[in-house]
Amino acid sequence: MDLRAKQSGDVLDEATGQPLPPLLLDLAERARQAQALAYAPYSRFPVGAALLTSDGRVFVGANVENASYGLTVCAERTAVFAAVLAGAHRLSAIAICTNLNPPAAPCGMCRQTLAEFSEDADVVLLSPHGTARLTKLSTLLPLAFRPNALIAAAEKDPDGNGK
Ligand SMILES: [Zn+2]
């Protein structure tokens with residue numbers, strides 16, 4: 001018997017074939033559930049996200065589209081907004097679920113939004129077939145522009161006039 005045979009409900013790390021650790025598995029399940037709440041009548045590309053804050057809370061999001069396409073907000077950002085509105089400013093992990101295999105990664109705008117609240121979150125990218133790609137925010141967005149860049153600029157030039 002293959003000891004690595006997939007159990008019902010398992011999500012396997014595509015790199016190792018091993019099940020995700022319980023914390024990330026829970027996050028993956030929450031992202032998959034959130035995907036069902038997506039409002040994506042135009043793209044028909046539903047996305048769910050679940051993020052874990054540094055204080056152990058989980059917030060979910062789904063993409064919300066609009067007939068005025070530019071107003072669409074991605075799942076990752078709706079989850080971040082929910083966390084911020086609940087007072088959470090430190091994110092430690094996010095799971096993102098699409099219907100693509102290999103799984104899709106967050107867009108650039110979402111990577112930058114995540115970098116505002118995390119130095120190097122774990123990122124779980126889910127495919128619809130029970131596998132996941134594990135990565136880090138620093139891999140998806142190296143050399144991120146962060147709040148400390150603005151703080152450093154303000155300290156060097158408090159009047160903001162370049163002198
Ligand atoms: Zn995005």
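How many helices and strands are there in the chain? There are five helices and six strands, taken as DSSP runs (H or I of at least four residues for helices, E of at least two for strands) and numbered from the N terminus. What you see is a predicted model, in which local features need pLDDT of at least 70, side-chain atom pairs count only at pLDDT 80 or more, and totals for chains, interfaces and linings use all residues. Residues are numbered from 1 along each chain as its sequence is written.

**Overall layout**
- The C-alpha trace spans about 70 × 40 × 25 Å along its principal axes.

**Confidence**
- The mean pLDDT (the predictor's confidence in each residue, from 0 to 100) is 93, and 95% of the residues reach 70 or more.
- Residues 1-6 stay under 50 in pLDDT.

- A residue is buried if 20 or more other C-beta atoms, placed from the backbone, lie within 10 Å of its own; 32% of the 163 residues count as buried.
- A nonpolar core is a set of buried Ala, Val, Leu, Ile, Met, Phe, Trp, Tyr and Cys residues joined through C-beta atoms within 7 Å.
- The largest such core has 38 residues, of which A49, L51 and A95 touch the most other members.
- Elements that each supply at least two core residues include α1 (22-35), β2 (48-53) and α3 (108-117).
- β4 gives this core its largest share, six residues.

**Around A49**
- Beyond four places in sequence, A49 is in contact (C-beta atoms, placed from the backbone, within 7 Å) with residues including A31, V60, A79 and A95.

Key:
A residue is buried if 20 or more other C-beta atoms lie within 10 Å of its own, exposed if 12 or fewer, and partly exposed in between; C-beta atoms are placed from the backbone. Two residues are in contact if their C-beta atoms, placed from the backbone, lie within 7 Å.
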